[in-house]
Amino acid sequence: MTTARTTRKTLAGRPEATSHAAIEQAAFVLFAERGFDGTTLDHIAEAVGVTRRTLFRYFASKNDIPWGQFDRTLAGFRGMLDAQPADLPLHEAVARGVIAFNDFPADARPHHATRMRLILETPALRAHSALRYAEWRGVVAAYVAERRGEPDHALVPQLLGHLALGIALTAYDQWLRQDRHDADSLLALLRAAGATLDEVYAE
């Protein structure tokens, strides 16, 4: 009898299974309606139809939601850099990796421009974003260090990490100011910004 009651209660209750994508989509709708600061984890949990505790199985904090599955994203970035031809000049390999990393699908939900605008323009996210940027730069530094046979913390790996991030952020700043927010226009800006590395190395 106890088992039957428990089973019925579980079946009748609200399902706890969800996904990163479902949480992100619900959260971005709320961010648009209430603002980032005005949206709580309880609001997001209610919108998704799960408990606050369930949300923590997917994201460590509200600040992590705009970044999506960042660990998986970084792993993909590492793969993109590692896939660059070994005989390609180092700065060009990094530039190509950055471009590949930012080639987002047209049907991304939330839209990539919405995500990046939130990340780049929300004051409450700046401290958290600084941590994420450091992790991203670390991927570039590790790749450069391996190619050069030196520690990650050496000058050139760190410099190229900062340059790569600067190229990406500058391209995004220009992209978000435009009327078009498609992948092609972003990639064109990234290529143009990345070309500055060629100019630096040519001098």
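**Exercise 1. Work out how exposed D173 is in this predicted model, and describe its salt bridge with R177.**

Step 1. D173 has a relative accessible area of 33%, and because the partly exposed class lies between under 20% for buried and over 50% for exposed, D173 is partly exposed.

Step 2. R177 reaches 63% relative accessibility, and since this value is over 50%, R177 counts as exposed.

Step 3. The side chains of D173 and R177 meet in a salt bridge, with 3.1 Å from N to O, and both residues belong to helix α9, which covers residues 155–177, where they stand 4 residues apart, about one turn of the helix.

Step 4. An α-helix has 3.6 residues a turn, so residues three or four places apart point the same way. Side chains of opposite charge can pair when their charged atoms come close.

**Exercise 2. Describe the salt bridge between E135 and R132, and find which network the two residues belong to.**

Step 1. The side chains of E135 and R132 form a salt bridge at 3.0 Å, taken from N to O, and the two residues are separated by about one helical turn, being 3 residues apart in helix α8, residues 126–148.

Step 2. R132 is buried, with a relative accessible area of 13%, whereas E135 is partly exposed at 32%.

Step 3. A network of salt bridges links D64, R132 and E135.

Step 4. For another salt bridge, turn to E150 and R148, whose closest N and O atoms are 2.6 Å apart; here E150 is partly exposed with a relative accessible area of 24%, and R148 is also partly exposed, at 43%. The count of salt bridges in the model comes to 9.

**Exercise 3. Check whether the length of helix α2 agrees with its number of residues, and find what its buried residues pack against.**

Step 1. The buried residues of α2 are I23, E24, A26, A27, F28, L30 and F31, and they pack against α3 (41–48), α4 (52–55) and α7 (112–121).

Step 2. Just after α2 comes G35, which takes a positive phi of about 85°.

**Exercise 4. Is A183 buried or exposed, and which residues does it touch beyond those up to four places away in sequence?**

Step 1. A183 lies in helix α10, residues 183–202, and its relative accessible area of 14% makes it buried.

Step 2. Leaving aside residues up to four places away in sequence, A183 touches D103 and F104.

Step 3. The C-alpha atoms of A183 and N102 are separated by 8.1 Å, although these residues are 81 residues apart along the chain.

**Exercise 5. Describe the largest pocket by its volume and by its lining.**

Step 1. The largest pocket holds about 760 Å³ of space, and its lining consists of 31 residues, among which W67, T73, F101, H112 and R115 lie nearest the centre.

Step 2. At least two lining residues come from each of α2, α5 (70–82), α6 (90–101), α7, α8 and α9, and α7 gives the most, with 5 residues.

Step 3. Sorted by kind, the lining divides into 20 nonpolar, 7 polar and 4 charged residues.

Terms used. Residues numbered from 1 in each chain as written. Predicted model: local features only at pLDDT ≥ 70, side-chain atom pairs only at ≥ 80, totals over all residues. Heavy atoms only, no water. Expected span 1.5 Å × (residues − 1). Buried < 20%, exposed > 50% of the residue type's maximum accessible area, 1.4 Å probe, protein only. Contact = heavy atoms within 4.5 Å. Salt bridge = Lys/Arg side-chain N within 4 Å of Asp/Glu carboxyl O. 1 Å grid on protein atoms, 1.4 Å probe; cavity = no way out; pocket = protein on both sides within 12 Å on 5 of 7 lines; lining within 4 Å. Points joined across faces, edges and corners; volume = space filled by probe spheres on them. Nonpolar A, V, L, I, M, F, W, Y, C, P; charged D, E, K, R; others polar.
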